[in-house]
Amino acid sequence: MEQENTKKPLRLRNKILHLLLFFRDRFDLHEGKEDELETIDYIKKNIEFKGANLWILIFAIFVASVGLNVNSTAVIIGAMLISPLMGPIMGIGMAAGINDFELLKRSLKNLGIAVLISILTSTFYFAFTPLNDAQSELLARTEPSIWDVLIALFGGLAGIVAGSRKEKSNAIPGVAIATALMPPLCTAGYGLATGNLLYFFGAFYLFFINSVFISLSTYLIVRFMKYPKKEFMDPTREKTVKRYITIFTILTIVPSVYLAYNIVSRTIWEKNAKTFIQTELDFPRAQIIASTLNYRPDSSGIEVSFVGEQISPDEIERLQNKLQVFSLTKTYLRIKQSGDGTPDLNMLRSDVLKDLYERNESLIQSKDQKIAFLESELSQYASTSKQVMDLGREAKVNHPNLVSFSMNRAVIANIQEEKQDTLLMAYAQFKQRPNTQELNKFEEWLKVRTKADTVALIIN
């Protein structure tokens, strides 16, 4: 019995050992690995930007710029497949990992050349293109998020692992697509061409974040797989190079961690702010017509515009105090109400009905006709109210930049002719103001959809 009890822990240890060996074999990066010197040589060959490589980069930038200009995802993906931008970025990580200062200088020099040529090329294109409006694909590259950081990190890990294999896979082109290095540079060129420095710095910031985390992931894998470090005949020279590499690595990693922390903080804040608006700013007699989120590390703001019944100062103070519950510290709440200059929706409806009745009183001969007429008008308003959400969803399909949509009938006073009339008014808020052609298309669609002769379209 005692012997049996001794065997049980032994069998358990053997099972655990076999399980660990199984997972080690499954996740072993050394199996199928190319010779380290061959991998280093492979990365070195893809660093240089001259001759055909430089022309390929220029043509790829033109393709990506056209894709962003016409809002074509397929064209942008094609341009990223052509782009050779990954080479010097991975070269920086490799150089830091093997203490090769000459390789580091070459990689930084060629990356600088590639970035400069890319921005100049895209600036040239956007300076002469007749299509100057920023489309959704371009706007998506003006500000980095936590997801961009994660994609760059994991994409870079996949890229260096694939590059270290004997049989090269299609992972590296896939990494070029996933990390989207080229579109931010094209967007930076668009910012310069249009004089929008916010677009330029936002897009360049996104490219910088992607490049840093791809280089960092390359450095981590190179160190993990213990690639041979560069040997020096002179010990003093070796110490100097190691010192430079260490300083460069620290100067790269520390700011990247700080930037990533700020991006994570902003993402969490925006999520909490949206939750706060959905759960706390839901009033039965007041409706949100617009909301703006402004994040800053020291002082953030939530601005919400309401139409309808006034929200009391006590309620606003309660909401301000409730921000702490949603982890919205250092955040102020600003509420704009109809009393601030926005017409009250209920009063507007009352005025419209009154005007309709007065203008048609001579045509109505009996009480029943009056009731029937008013019921018909009320039915139209109820139908219009129900249509708003459906029309908004339909409009969103054709106009992806649409943020909010509202529609109602309004009383229009013609001062010169001393007449009043009713007009269908629509309010639309977009992320970026559409061009004239898109606005005309939106207005014509609204007329057909609502069967209205004229529509007053207000754009924010």
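1. Glu-280 and Lys-322 meet through their side chains in a salt bridge, 3.1 Å from N to O. Glu-280 sits in helix α12 and Lys-322 in helix α13, so this pair ties together parts that are 42 residues apart in sequence. A salt bridge here means a side-chain nitrogen of Lys or Arg within 4 Å of a carboxyl oxygen of Asp or Glu. Helices (H or I, at least four residues) and strands (E, at least two) are DSSP runs, numbered from the N terminus.

2. A word on the ground rules. This is a predicted model, in which local features need pLDDT of at least 70 and side-chain atom pairs count only at pLDDT 80 or more, while totals for chains, interfaces and linings use all residues. Residues are numbered from 1 along each chain as its sequence is written, and side-chain values use heavy atoms, with hydrogens and water left out.

3. Glu-280 belongs to helix α12 (residues 235–280) and Arg-318 to helix α13 (residues 313–322), so here the parts tied together are 38 residues apart in sequence. Put together, Glu-280, Glu-315, Arg-318 and Lys-322 are linked in a network of salt bridges. The structure holds nine salt bridges.

4. Is Glu-280 buried or exposed? Glu-280 counts as buried, at 15% relative accessibility. The cut-offs are under 20% relative accessible area for buried, over 50% for exposed, and partly exposed in between (1.4 Å probe, protein chains only).

5. On to the sheet. It is open, with three strands in the order β1-β2-β3 and mixed pairing. The edge strands are β1 (286–294) and β3, each of which pairs on one side only. Two strands count as paired if DSSP finds at least two bridges between them; β1 and β2 do so in the antiparallel sense, over eight bridges. One detail to look up in the model: the bridge partner of Asn-294 is Gly-301 in β2.

6. The side chains of Arg-334 and Glu-303 meet at 3.9 Å, N to O. Arg-334 lies in strand β3 (residues 331–336) and Glu-303 in strand β2 (residues 300–308), so the pair ties together parts 31 residues apart in sequence. Arg-334 counts as partly exposed, at 44% relative accessibility.

7. Now the annotated spans. The unreviewed UniProt entry gives "transmembrane region" for residues 52–70, 76–96, 108–126, 146–164, 171–192, 198–222 and 243–261. Such annotations may be inferred rather than shown by experiment; positions are in the numbering used here, and feature names are shortened. In the model, residues 52–70 are 100% helix and 0% strand, with end C-alpha atoms 27 Å apart. Residues 198–222 are also 100% helix and 0% strand, and their end C-alpha atoms lie 36 Å apart.

8. Last, a surface patch. Ile-56, Val-63, Val-75, Ile-77, Leu-81 and Ile-82 form a nonpolar patch with about 420 Å² of accessible area together. Helices α3 (52–70) and α4 (73–82) each supply at least two of its residues, and α4 gives the most, with four.

Terms used
Patch = residues over 30% accessible without salt bridge, like charges linked within 9 Å, V, L, I, M, F, W, Y side chains within 5 Å. Areas by Shrake-Rupley, 256 points an atom, 1.4 Å probe, with all protein chains shown as cover.
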